[in-house]
Amino acid sequence: MVFGQVVVGPPGSGKTTYCNGMSQFLNLIGRKVAIVNLDPANDSLPYDCAVNIEDLVKLSDVMIEHSLGPNGGLVYCMDYLEKNIDWLEERLKPLLKDHYLLFDFPGQVELFFLHSNAKNVIMKLIKKLNLQLTAVHLVDAHLCSDPGKYISALLLTLSTMLHLELPHINVLSKIDLIESYGKLAFNLDFYTDVQDLSYLQHHLDKDPRSAKYRKLTKELCDVVEHFSLVNFTTLDIQDKESVGNLVKLIDKTNGYIFAGIDASAVEFSKIAMGTPDWDYYRYPFFPLLI
């Protein structure tokens, strides 16, 4: 059984930087990591990838050949990848014996709540290669400084969770920069726990552009609260303790902490609630090479 992460999120949320930093951290704690770049628009990679979709299809070529814009081109590339899934499977098979996988997906949000090709790619890999994957959805922490943008991020996050149907962790990335965007209206816990969203109405009403959509905003917030699925953890990718805490969560959601253990359901529960045997922080310094 092979474990890994499906890294998704809107453009600018830090997916590529995340994959780079996460791979370094996992290597430091003794895991062999293979990064799979499935973003055909990402032609400047800070990491060495084991598999690169550009070896199959390039966004620039698709845009020229089919007279498509970047959004249409990315949809075409994902569709092309789905139809040529054997190409990806053959390149992943040599990695299955001893590697932990990181899938770096495009930032086009439509791929993860409107179109099915990216999801189909993931599900086919899970079924054929027996992968245990967790979706890590990155959202830039600066969106917390604007109530309207924060609500939009909640809706996107909820839609992605429902569409992908994977074990899911939502992450407020670049949390180390959040103070540079101005003072938050509430404590950080309000934004990570997604508490009573009605409090945001008072701040939205101060903006005449938002006040006219008060009823719509309330209904959207009610949808998020009705599902009661969305919450966030925080991440500073250059802080080893922050990365380590996130890895603990991911290891529980994709089952990595249970790998190789033959135990009863009760014992599994104790393991999930307890402290892992391995030390996530045994290295005094965690350098991130960007």
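The model is predicted, so local features are reported only at pLDDT of at least 70 and side-chain atom pairs only at pLDDT 80 or more, while totals for chains, interfaces and linings use all residues. Residues are numbered from 1 along each chain as its sequence is written, and side-chain values rest on heavy atoms, with hydrogens and water left out.

**Overall architecture**

The secondary structure of the chain comprises 12 helices and 7 strands, these being DSSP runs numbered from the N terminus (helices are H or I with at least four residues, strands are E with at least two). Of the 290 residues in the chain, 47% are buried, where buried means under 20% relative accessible area, exposed means over 50%, and partly exposed lies in between (1.4 Å probe, protein chains only). Among contacts with a separation of 6 or more, 75% come from residues 24 or more positions apart, a contact being a pair of heavy atoms within 4.5 Å. The chain exposes about 14,500 Å², of which carbon and sulfur atoms supply 52%; accessible areas come from the Shrake-Rupley method with a 1.4 Å probe, and for residues only the protein chains shown count as cover.

**Aromatic pairs**

The whole structure contains 9 aromatic pairs. Rings of Phe, Tyr and Trp (its six-membered ring) pair if their centres lie within 6.5 Å, with planes under 30 degrees apart counted as stacked, over 60 as edge-to-face and the rest as tilted. Tyr76 and Tyr80 form a stacked pair, because their ring centres are 6.3 Å apart and their planes meet at 15 degrees. Both belong to helix H3 (residues 70-83), where a spacing of 4 residues separates them by about one helical turn. Tyr76 is partly exposed at 30% relative accessible area, and Tyr80 is likewise partly exposed at 31%.

The pair of Tyr100 and Tyr256 is edge-to-face, since the ring centres lie 6.0 Å apart and the planes stand at 75 degrees. This pair links distant parts of the chain, for Tyr100 is in strand S4 (residues 100-104) and Tyr256 is in the loop between helix H11 (240-253) and helix H12 (265-273), 156 residues apart. Tyr100 is buried at 4% relative accessible area, whereas Tyr256 is partly exposed at 23%. Elsewhere, ring pairs join Tyr150, Phe186, Phe190, Tyr191 and Tyr199 into a cluster.

A search of the whole structure finds 9 salt bridges, each defined as a side-chain nitrogen of Lys or Arg within 4 Å of a carboxyl oxygen of Asp or Glu. Three of them are set out below.

| Salt bridge | Closest N to O distance |
|---|---|
| Arg31 and Asp251 | 2.6 Å |
| Asp140 and Lys174 | 3.3 Å |

Asp79 and Lys83, by contrast, both lie in helix H3, 4 residues apart and about one turn of the helix. Asp79 is partly exposed at 28% relative accessibility, and Lys83 is exposed at 65%.

The salt bridge of Asp140 with Lys174 links distant parts of the chain, with Asp140 in strand S5 (residues 131-140) and Lys174 in the loop between strand S6 (168-173) and helix H7 (188-193), 34 residues apart. Asp140 is buried at 10% relative accessibility, while Lys174 is partly exposed at 27%.

**Cysteines and Thr217**

The whole structure has 0 disulfides, a disulfide being a pair of cysteine sulfur atoms within 2.5 Å. Cys19 is buried with a relative accessible area of 0%, and Cys221 is buried at 5%.

Thr217 is located in helix H10 (residues 214-227) and is buried at 13% relative accessibility. Leaving aside residues up to four places away in sequence, Thr217 touches Ile151, Gln201 and Leu204.
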